[in-house]
Amino acid sequence: MGLGASAGLTLTPLPWKLLDDISIWTQNWPWVPVPKAGVVSIHDSICTLCPGGCGITARRIDERLVFVAGQENHPLNAGGICPLGLSGPQLLYTPNRVMSPMMKVDGAFQPISWNAAISTLVSHLKELKQQQLPQGLACLAGSGQGTVSALLQRFLTAFGSPNFIPSASIDDAWELLTGQLTGSRFIPGYDLERADTILSFGCDLTEGWGSPIRTMRACSGWKENGAKLVQIQSRLSDTAATADRWIAINPGTEADLALAICRTVAETARGQSHISAIDSGFRHQLQAIIKPGPSLEQAEGITGVDAQVIQQLADDFVGSKRPLALCREGADRSPVASREMLAVLALNAVAGNIDRPGGLHRIKRVPYINWPEIRRDDVAGSGWPGENLAGPLPSPDAFFKTIAEEPDSPVGILLVSDCNPCYDLAASDRIKRGIGKIPLVVSFSEYWNETALAANLILPNHSYLERYQDFPVYAGLTEPRLGLSRPVSKQLFDTRYTGDAILETARQLWGTAGRAFPWKTYEECLKETLSDQWDDLKGRGWINLPRPPITSDNAATISYSVFSNADIETSAGEVHKYPLMILTRSSMRLNNSAVGTSPFMMKSVSDTVLKGKKGVVDVNPQTAEKLNMTEGDMARLITPEAEAAVMIHLDDGTMPDTVVISQGLGHAAFGEYLDGRGVNASRLLQPVLDPLTGQNISRTVRARLMPV
Amino acid sequence: MSRNTRNSSDQQLPGSVRLHALAFMLGFGCLLLIGWVAFPALLYKNTPQPLSFNHRLHTKIADDGCNSCHFFRKDGRFSGIPGIETCRACHTKVETGGDSETQLIRDYIAKTVEIPWQVYARQPDSVFFSHAAHVRSAELGCETCHGDIGQSAVSRHYEENVMTGYSRDMEESMKMDDCANCHEETKQDGASAQTDRDGCFICHK
Ligand code: SF4
């Protein structure tokens with residue numbers, strides 16, 4: 001019978017089917033998460049994770065967002081997306097989101113209700129008022145653009161405080177400088193797509209410059225249409241590696257090279273004719289910029305670039321049809337030294353490419369937030385905003401300097417929105433100590449970043465995928481845009497628009513009589529502000545901003561004495577004690593902003609940048625030999641500000657006596673994927689404030705390497 | 001003696017053989033029955049569809065035949081299971097008075113609730129299948145994979161494999177072997193060992 005049963009069994013599908021099904025069953029354990037099936041839909045929005053303003057398309061299954069890709073028909077990125085933008089779902093669902101309002105009690109955070117959170121803030125604000133110290137309220141914001149920033153600034157003004165401190169972008173610095181230089185404020189828009197000879201002064205074109213995906217697309221276009229890219233940079237970056245020519249230059253001397261080329265071009269007949277075509281006032285200022293520039297021989301000594309090479313660069317540049325010089329940007333489009341910015345502007349001017357196809361276009365910012373001015377009698381307190389603690393073009397670094405200098409903090413309440421100063425400002429350890437002196441720090445962060453952890457109260461914003469946000473995009477574009485991000489995911493946690501938190505605080509402080517804030521909700525405020533453009537923006541996601549003509553009234557007020565300082569962006573540090581120079585490196589795989597790097601991006605970081613938890617630095621083999629170090633050795637990297645343990649990686653593309661370190665690592669927050677991995681480059685830097693813009697421009701610092 | 005003994009045992013053999021043969025046949029028959037009848041009955045759970053849908057009737061009266069409900073969206077995605085809004089486009093009020101139509105309007109359209117269809121051809125989550133690539137580019141007819149469902153007048157019960165959770169239809173004609181065979185026969189060039197097409201990521205995203 002057994003035999004028959006066995007024979008019968010082999011003639012049925014049972015054993016084979018059972019084997020197959022068991023194998024499938026073992027792949028579908030009930031505890032293996034399987035996303036629920038549902039109706040697929042796609043929704044367009046814009047990415048606000050960096051100033052690039054790319055279009056994105058979110059895919060949803062029913063209500064659940066499952067994927068974010070580049071929007072195919074968007075004029076900036078045409079379907080392209082960077083690793084950070086692609087990480088949208090991880091940034092939305094991360095356990096590192098602040099999921100409800102939080103209050104620190106005895107050093108530990110506890111969830112509280114929105115009512116309790118806003119009442120706490122309101123009672124502290126009332127105390128400041130009673131003490132007649134309205135200027136004791138300050139606010140650090142990620143940018144000065146958009147309605148949320150405008151609401152925060154308006155709130156401070158209504159309260160009687162001038163201390164609204166947005167993180168200035170290079171565009172803010174350009175406006176200030178060009179306003180002083182030509183009497184007309186403008187931002188450069190680079191016509192990358194039509195240029196044929198590009199001189200890039202240290203711009204990380206493939207690692208995130210301008211609107212990053214648009215720039216990368218332009219770089220590919222240059223390869224196809226035969227345009228020539230010359231990369232002038234102190235290290236062999238990815239951009240330098242893909243350029244037609246790489247000019248290795250001494251760190252921090254880009255402005256000298258630009259000025260030397262300017263001088264050489266200005267002496268040619270073509271240069272002369274270009275200069276004479278410029279408005280008289282600007283022409284006068286231009287000559288004042290170029291004149292103190294170094295001669296070819298001097299430039300060779302300063303920059304380390306052969307005089308003949310400089311001459312050749314000048315000849316090629318002025319001899320080309322559509323030359324374009326590009327200026328470096330700091331991390332997250334922060335300003336660089338004004339000397340360098342003006343030198344690059346002057347170089348474009350002498351090449352005759354201002355407002356020409358393939359050249360540098362003068363773009364005027366167009367204000368679109370036209371709320372009525374706050375009247376003096378709308379201000380709830382006695383005072384009227386006076387001078388900002390952080391300078392005329394306020395700088396967070398200057399703000400913390402003031403806090404550090406005073407024995408007691410002059411600020412009683414600090415609001416922090418959309419930035420992470422405890423991580424990304426130079427000398428970040430000092431910033432953390434400074435923030436610790438402020439009695440009440442209120443963060444609006446949606447993530448548990450370093451500054452949120454240092455706060456006393458957190459009023460979490462919605463994620464960028466859950467909210468409306470107006471987002472002007474300049475970022476070196478010749479056609480600036482206003483974008484609107486729209487919610488592509490349902491709200492997941494007990495979060496609120498920062499705008500709504502401000503409006504509610506204003507209501508509780510001043511009642512419905514708070515005339516400066518007539519809106520019931522932030523969405524109502526946004527809709528009213530964008531009025532006629534709302535429908536277009538909601539539908540398409542962006543509109544072109546108008547380009548008003550630029551008129552120059554020649555009211556120059558710049559003091560050119562600063563131009564004699566060749567080493568302006570490098571903080572002081574005795575050369576014999578600190579013989580090396582640290583250079584920072586940005587990358588598309590690591591994000592330096594308040595959002596942090598996603599787990600997905602961390603998986604793509606090479607082990608020559610991060611080995612396990614150890615931060616790796618690039619050192620030239622000759623320098624390593626001098627120091628008696630070799631590949632994989634651990635060392636102490638010491639600067640006048642701080643020190644860190646690093647692993648040595650030998651790299652021929654790094655200049656002798658320099659050390660290259662990546663930005664975006666060394667967090668003390670953000671959970672297991674980021675916390676304690678690598679070294680925070682900002683910790684090692686010291687702030688150096690630019691004499692013209694007042695902004696921190698330090699990207700380098702002197703250092704030494706010691707064996708462990 | 002030994003001869004006798006052998007003889008006698010020879011004589012007993014037919015009875016024993018018969019017994020063994022009977023046992024063999026019994027075992028054989030039982031297992032055939034279990035394997036072909038009982039096992040499938042136990043393996044698959046039968047569930048009725050929430051509504052009975054008459055494909056034959058709909059393809060006749062809908063303006064654009066199959067495409068009226070199963071269409072490609074602008075971005076190339078395929079309306080495999082049309083949503084309730086597609087039904088609403090035609091069924092605003094009860095017209096035929098049939099049970100299914102009345103139920104459709106009362107329980108789903110009036111309440112704007114999606115019909116919880118059990119999808120015969122639902123692929124597991126690990127599979128990415130593009131209708132656009134197969135229908136538009138390779139010009140396959142629906143029946144190549146879905147059989148004659150377009151001619152059905154009622155909705156069959158949905159049969160779910162209780163071990164794997166997969167649908168029986170999917171198991172019988174839309175497993176990876178079926179994909180591989182078809183790709184093999186139609187000589188698709190590529191690198192995948194299974195389908196002779198590009199890489200694993202084409203189908204397993
Ligand atoms: S480049 Fe910037 S805007 Fe574009 S996807 Fe990446 S983070 Fe978003």
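Reader: Let's start with helix α14 (residues 307–319) of chain A: how far apart are its end C-alpha atoms?

Author: Helices here are DSSP runs of H or I with at least four residues, strands are runs of E with at least two, and both are numbered from the N terminus. The expected span of a helix is 1.5 Å times one less than its number of residues. At 1.5 Å a residue, the 13 residues of α14(A) should span 18 Å, and that agrees with the distance between its end C-alpha atoms, which is 18 Å.

Reader: Before we go on, what kind of model is this?

Author: Residues are numbered from 1 along each chain as its sequence is written, while chains are lettered from A and ligands numbered from 1 in the order in which they are written. Side-chain values use heavy atoms, with hydrogens and water left out; local features need pLDDT of at least 70, side-chain atom pairs count only at pLDDT 80 or more, and totals for chains, interfaces and linings use all residues, since this is a predicted model.

Reader: Which residue caps the N-terminal end of α14(A)?

Author: Look for a polar contact, a pair of N or O atoms within 3.5 Å; within protein, one must be able to donate a hydrogen and the other to accept it, and residues adjacent in sequence count only if both atoms are side-chain atoms. Here a side-chain oxygen lies 3.0 Å from the backbone nitrogen of A:Q308, and the residue providing that oxygen is A:D306.

Reader: How are α10 (residues 254–266) and α15 (residues 338–350) of chain A arranged?

Author: Axes are lines fitted to C-alpha atoms, for helices over the stretch in contact, and angles run from 0 to 180 degrees between N-to-C directions. These two pack at about 25 degrees, with their axes 9 Å apart. Angles under 35 degrees count as roughly parallel, over 145 as roughly antiparallel, 65 to 115 as roughly perpendicular and the rest as oblique. So α10(A) and α15(A) are, at that angle of about 25 degrees, roughly parallel.

Reader: What about helix α13 (residues 296–303) of chain A: how is α10(A) arranged with it?

Author: Their axes are 9 Å apart, and they pack at an angle of about 165 degrees. That makes the pair roughly antiparallel.

Reader: Left-handed or right-handed: what is the crossing of α7(A) and α15(A)?

Author: Helix α7 (residues 170–182) of chain A packs with α15(A) at about 65 degrees, their axes being 11 Å apart, which makes them roughly perpendicular. A crossing is left-handed if the near helix is turned anticlockwise from the far one by less than a right angle, and right-handed if clockwise. α10(A) passes α15(A) in a left-handed crossing, whereas that of α7(A) and α15(A) is right-handed.

Reader: Over in chain B, what is the phi of B:E139?

Author: Chain B has 8 helices and 2 strands, and B:E139 is found in its loop between α5 and α6 (143–146). B:E139 is exposed, with a relative accessible area of 66%. Its phi is positive, in a residue other than glycine, and lies near 55 degrees.

Key
Buried < 20%, exposed > 50% of the residue type's maximum accessible area, 1.4 Å probe, protein only.
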